Amino acid sequence: MYIGLAIIACSLVYILIITYSYFSKQRVESTETKIYGYMIFLSIISLFFEFLSIILVSNYHILNLVSELVNKGFLISILIWSSLFTHYIYSVSFLENAKKTEIQQKKYQKLVKPFVYLIVILVILIIVFPLEFYSSGEVVYSYGLAIDLLNLTIICMVIAWLIFSLMNYKSLKIKKYLPVFVFIICIIITLIVRNINPELLLINGTISLVTVMMYHTIENPDLKLIHQLNDAKDAAEKANNAKTDFLSNMSHEIRTPLNAIVGFSNGLLEENLSNQATEDVKNIVSASDSLLELVNGILDISKIEANKLEIINMEYSFKKLFDELVVLIKARMADKAIDFRYFYDESIPEYLYGDASRIKQIMINLLTNSVKYTKEGYIDFKINSVVNNDMIRLIMSVEDSGIGIKKENIDKLFTKFERLGVEKETTAEGTGLGLAITKRLVELMNGKIIVQSIIGKGSKFTVSIDQKIVCDDKINKIKNSIETVSKSKTDFSDKKIFIVDDNALNIKVAERLLKIYNVNIESAMSGQECIDKITSGSKYDLILLDDMMPKMTGVETLKKLELIEGFNMPVVVLTANAITGMREKYINDGFDDYLSKPIEKPELDRVIKIYLNK
Ligand code: ADP
């Protein structure tokens with residue numbers, strides 16, 4: 001009897017400690033934690049009943065009925081504890097582990113009710129069924145249908161736990177199932193011990209042990225910590241957004257003066273300059289192009305971080321893309337003693353469907369790197385292909401005889417801002433952003449990029465990307481529209497363009513670039529001024545409208561223009577807000593077309609020819 005009481009006392013102490021630490025802490029509300037809360041209470045109740053029954057059973061002759069009631073209370077508490085444990089195992093196996101789906105939820109709801117009814121029936125049966133005592137010497141035994149029923153129920157539940165565990169064997173988190181196996185082993189030990197020494201009732205010790213164990217295996221994270229983590233995450237996200245906004249604004253701001261530099265330089269190139277001056281202007285244009293690439297790179301990195309980098313697929317001319325790349329890289333090689341060899345598979349169809357500007361960006365990155373990191377020797381630029389129905393895999397490689405990359409550095413290659421100490425060996429300029437962006441772009445297009453390199457010998461970057469082949473019907477359409485633009489006249493002295501921009505320099509740049517078209521130009525420096533002009537009856541063949549203007553943005557101006565009766569002039573947005581996806585956004589906003597700053601001459605030419613020829 002004393003051993004029994006000692007076990008109860010120990011169990012009670014540690015259950016009370018667990019109860020305190022469990023309920024004093026904020027918890028995550030889940031089916032698991034809810035059930036566990038009830039289980040702790042039941043452990044205490046059953047300890048209390050067991051304590052009473054040990055005291056009373058020794059005097060059962062006098063207090064037969066009270067002993068019977070206390071013993072039945074004890075049996076019922078064990079029954080309910082076990083049924084909660086069954087519920088817990090079910091929830092761990094089928095609700096918490098897997099993502100809760102609606103079907104699982106419905107199945108669960110369907111099962112709970114009958115299970116509760118069954119337990120209620122069992123409780124009633126335990127109350128009704130007889131429980132008897134008999135003494136043999138000092139020891140008092142309890143027996144009867146009530147005990148047999150409880151034993152049978154627990155055996156059934158143990159089988160159910162094993163089935164649940166086995167059904168879930170793949171995602172079986174051993175930690176969570178540990179109490180099940182411990183319980184089963186302890187129950188077997190309890191039965192053996194009971195046969196040897198009937199006085200020793202270990203069942204409550206087992207329950208307490210399992211309850212304590214569950215305290216450690218249950219996923220019960222500290223809510224305070226979670227709140228702190230969430231706050232930190234929010235703060236980091238806010239800071240990151242602020243950075244992205246800052247970078248977009250900065251890129252917008254840099255583009256505006258860059259627009260003037262590129263615009264005026266391009267304008268100058270059309271004048272009759274001396275050879276030296278032409279050379280100087282070309283250098284200015286090339287430096288501005290590099291600067292623009294850098295600004296775009298910064299913007300791309302901030303978009304990668306904000307997960308906003310997009311791929312915009314359109315029909316494009318593969319040959320044109322290839323030629324542009326070759327011209328650009330030849331220009332970048334300047335007077336380096338490098339043999340630039342290029343090749344493309346003639347069987348690649350002329351028109352493909354994909355994001356040509358992103359493919360161009362990828363290849364410019366790889367080719368520019370080759371130029372940067374190769375002093376002499378060769379650069380091989382090859383595009384091969386594999387056709388599969390209406391898809392074509394472009395296998396594009398850039399191989400150089402440059403400084404090469406150390407084996408241990410190859411993995412770091414695609415990490416942003418990582419420059420592999422080259423600045424010490426070479427004079428190559430760079431930011432370490434190029435390859436990080438390249439890799440992300442290739443991934444976004446479901447492609448692959450492979451690097452092979454031997455330090456001191458050279459490197460080979462191979463990119464493979466799948467593109468759609470454009471069907472014949474569409475090709476004719478594209479060809480026609482290209483032909484109309486290229487055949488059209490360039491003298492528009494009978495036409496009038498209206499430029500709206502809050503920045504006087506930007507207006508001058510546009511005027512300078514439009515000079516070759518002989519077109520009449522008027523300008524305004526605000527949205528309101530533009531609206532006033534139109535309402536007063538001025539007619540234009542094309543309006544070039546800036547978006548980011550103080551007081552009234554271009555989009556707002558357009559909305560107001562559309563309200564003016566009979567207004568049907570083409571309006572093209574001319575903006576430094578040039579991040580990817582902007583074209584689509586502005587077209588959705590109602591603009592007829594989109595031009596980015598710095599103004600690209602071929603784009604301007606396209607827009608002018610389309611709208612002034614109408
Ligand atoms: P950046 O060229 O602006 O430094 P990248 O991300 O394009 O940044 O390249 C990261 C690094 O990878 C470079 O600093 C350089 O060390 C290495 N690298 C890239 N391409 C080559 C190449 N073709 N040959 C040798 N090293 C290269």
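At what angle do the axes of helix α9 and helix α13 cross? In this predicted model, the axes of α9 (residues 275-305) and α13 (residues 434-444) come within 10 Å and cross at roughly 55°. Residues are numbered from 1 along each chain as its sequence is written, and side-chain values use heavy atoms, with hydrogens and water left out. Because the model is predicted, local features need pLDDT of at least 70 and side-chain atom pairs count only at pLDDT 80 or more, while totals for chains, interfaces and linings use all residues.

**The chain as a whole**

- The secondary structure of the protein chain comes to 19 helices and 14 strands, where helices (H or I, at least four residues) and strands (E, at least two) are DSSP runs numbered from the N terminus.
- Of the 614 residues in the protein chain, 45% are buried, a term that stands for under 20% relative accessible area, with exposed meaning over 50% and partly exposed in between (1.4 Å probe, protein chains only).
- Among the contacts in the protein chain with a separation of 6 or more, 72% come from residues 24 or more positions apart, a contact being heavy atoms within 4.5 Å.

**Helix pair α9 and α13**

- The crossing of roughly 55° makes α9 oblique to α13; angles under 35 degrees count as roughly parallel, over 145 as roughly antiparallel, 65 to 115 as roughly perpendicular and the rest as oblique.
- Such axes are lines fitted to C-alpha atoms, for helices over the stretch in contact, and the angles run from 0 to 180 degrees between N-to-C directions.
- α9 passes α13 in a left-handed crossing, meaning that the near helix is turned anticlockwise from the far one by less than a right angle, whereas clockwise would be right-handed.
- On the α9 side the contact is made by Gly-297, Asp-300, Ile-301 and Ile-304, and on the α13 side by Ala-436, Ile-437 and Arg-440.
- By class, the contact of α9 with α13 has four nonpolar, one polar and two charged residues, with Ala, Val, Leu, Ile, Met, Phe, Trp, Tyr, Cys and Pro counted as nonpolar, Asp, Glu, Lys and Arg as charged, and the others, Gly among them, as polar.

**Helix pair α10 and α11**

- The axes of α10 (residues 318-333) and α11 (residues 356-372) come within 10 Å and cross at roughly 30°, which makes α10 roughly parallel to α11.
- α10 passes α11 in a right-handed crossing, and the residues of this contact divide into eleven nonpolar, one polar and three charged.
- Residues that meet across this pair include Leu-321, Leu-325 and Arg-332 in α10 and Ile-359, Met-363 and Thr-368 in α11.

**Helix α16**

- The buried residues of α16 (residues 527-535) are Gly-527, Cys-530, Ile-531 and Ile-534.
- Seen down the axis of α16, these buried residues fall within an arc of 95°, so they line one face of the helix; the arc is that of the directions from the helix axis to the C-beta atoms.
- The buried residues of α16 pack against β10 (496-500), β11 (520-524), β12 (542-545) and α17 (554-563).
- Just after α16, Gly-537 takes a positive phi of about 105°.

**Two individual residues**

- Met-213 lies in helix α7 (residues 203-217) and counts as partly exposed at 22% relative accessibility.
- The C-alpha atoms of Met-213 and Pro-179 are separated by 6.4 Å, although the two residues are 34 residues apart along the chain.
- Thr-462, found in strand β9 (residues 458-469), counts as buried at 13% relative accessibility.
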